[in-house]
Amino acid sequence: MTYKQKLANGILILLFGSFVFFGCQSEDTIIDPTNNGSATDQEALNKIIENDELIQSFEPNYNEEDAMELGLAKVNTEIFPVRVGQRMTLTDMNVEYEFDADSAIGTITKYFDGVLRIAASYEEWEPGDSAIVDTVIEKEFSTVMTRKVIFQKVGNSIFPDSNWVIKALSLPAGGTAASGVEITKVTVEMPDGDFLEITEPNEYYLYRRPGFRNQVPVIPRYRDVNVQVEVNSAYADSDFVTLTFGAMFRHNNRRAKKLFHLVSEEFDGAVYHRVYEATWRTAQWPGFKHAIINVLPYQAVKELEGAVEENTWGIPYIVI
């Protein structure tokens, strides 16, 4: 069965008027890199990654901790989810570096164990109803997320980590090892009318150094952002597509969640090509943030035994 939820406002943003904006593939991406960085260089880059608030804002939005309200949406199915969320635990992480003269690329790979939590009612409910949670279902799954960071060496400071700065970072993307749902394209309409079109998240670079055309988006508070997600799905039921946003590093309590609604569907005989849309509004808190798009098969949330298959893309942004 398909669902069509109408959403209210809400979606991307980013912090302090620093230079962090959206970008496409770097004109300065490293060609024929050599792995000749010193141990000191690698330690310095690790330290930068660990302390960068924009990079670290991914997990507070990816890890929803518990089942979350779905933003004025009703899921129409055999069970009726009232709240859905995922608790993600980072189990391992590695970074591989490629050095070339005064630049480097770090490929970050993170491994997560997850629990999908579905607080559901056995009775159908409408938005505004006082839905009663009759059962809480938990489903375990694992994901792998990757992203790239381009570093630039500057100056000759006696402090090694001060020699390096982040020039650009790609979008994080990944999911479960097996999945019948796949995000193929994300289009973002910014409040100023600019459009971002993303088809290869790990190769789509967002620049945070001045002088480049595509910068990480910096969005004022209380502004609307429109997002369109294109999905290929192996399943006849429309997919469960959500956006989680608003949390910052060490400020998880500002996290919110929205459901996308289905606007079109085509079947080519083998795969369903679907388009989903949502709009959200930046909140009152400035900061470095991520908007996380999660796509799951609909049976993952409507059936007690439906397996968790997930595809995820993240979008960094700053709210000022």
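Helices (H or I, at least four residues) and strands (E, at least two) are DSSP runs, numbered from the N terminus. The model is predicted: local features need pLDDT of at least 70, side-chain atom pairs count only at pLDDT 80 or more, and totals for chains, interfaces and linings use all residues. Residues are numbered from 1 along each chain as its sequence is written, and side-chain values use heavy atoms, with hydrogens and water left out.

Two strands are taken to pair if DSSP finds at least two bridges between them. The strand order is S8-S7-S11-S15-S14, and the pairing is antiparallel. Strand S8 (195-198) and strand S14 (261-267) form the edges, each pairing on one side only. From one strand to the next, the twist averages 20°; axes are lines fitted to C-alpha atoms, for helices over the stretch in contact, and angles run from 0 to 180 degrees between N-to-C directions. Strands of a sheet pair through backbone hydrogen bonds, either parallel or antiparallel.

Within this sheet, S11 pairs with S7 and with S15. Strand S7 (residues 181-189) and S11 are antiparallel and share eight bridges. Val188 has Val227 of S11 as its bridge partner. S11 and S15 also run antiparallel, joined by ten bridges. Asn226 is bridged to Thr279 in S15, and Glu230 stands opposite Val275 in S15.

The two faces of S11 are then compared. In a regular strand the side chains alternate between the two faces of the sheet. Val225, Val227, Val229, Val231 and Ser233 make up the covered face of S11. The uncovered face carries Asp224, Asn226, Gln228, Glu230 and Asn232.

Strand S12 (residues 240-245) has another setting. Buried means under 20% relative accessible area, exposed over 50%, and partly exposed in between (1.4 Å probe, protein chains only). Six of the six residues of S12 are buried, so the strand is largely enclosed by the rest of the structure. Both of its faces are covered. Phe240, Thr242 and Thr244 are buried on one side, and Val241, Leu243 and Phe245 on the other. S12 is joined to strand S16 (residues 287-296) by five bridges, in the antiparallel sense. Four bridges join S12 to strand S13 (residues 256-259), also antiparallel. Leu243 illustrates both pairings. Its bridge partner in S16 is Ile293, and in S13 its partner is Lys258.

Charged pairs were examined next. A salt bridge is a side-chain nitrogen of Lys or Arg within 4 Å of a carboxyl oxygen of Asp or Glu. Side chains of opposite charge can pair when their charged atoms come close. The structure holds ten salt bridges. One of them joins the side chains of Lys153 and Asp41 (3.8 Å, N to O). Lys153 lies in strand S4 (residues 135-153) and Asp41 in helix H1 (residues 39-51), so the pair ties together parts that are 112 residues apart in sequence. Lys153 is partly exposed, with a relative accessible area of 29%. Asp41 counts as buried, at 13% relative accessibility.

A second salt bridge links the side chains of Lys302 and Asp237 (2.4 Å, N to O). Helix H4 (residues 299-302) contains Lys302, while Asp237 lies in the loop between strand S11 (224-233) and S12, so the pair ties together parts that are 65 residues apart in sequence. Lys302 and Asp237 are both buried.

Arg274 is buried, with a relative accessible area of 1%. Asp239 is buried too, at 0%. Salt bridges that share partners join Asp239, Glu265 and Arg274 into one network.

The surroundings of Arg274 complete the picture. This residue is in strand S15 (residues 272-281). A polar contact is a pair of N or O atoms within 3.5 Å; within protein, one must be able to donate a hydrogen and the other to accept it, and residues adjacent in sequence count only if both atoms are side-chain atoms. By this criterion, the Arg274 side chain makes a polar contact with the side chain of Asp239 (3.1 Å) and with that of Glu265 (2.5 Å). Residues that Arg274 touches (heavy atoms within 4.5 Å), not counting residues up to four places away in sequence, include Val229, Val231, Ser233, Tyr235, Leu262 and Ser264.
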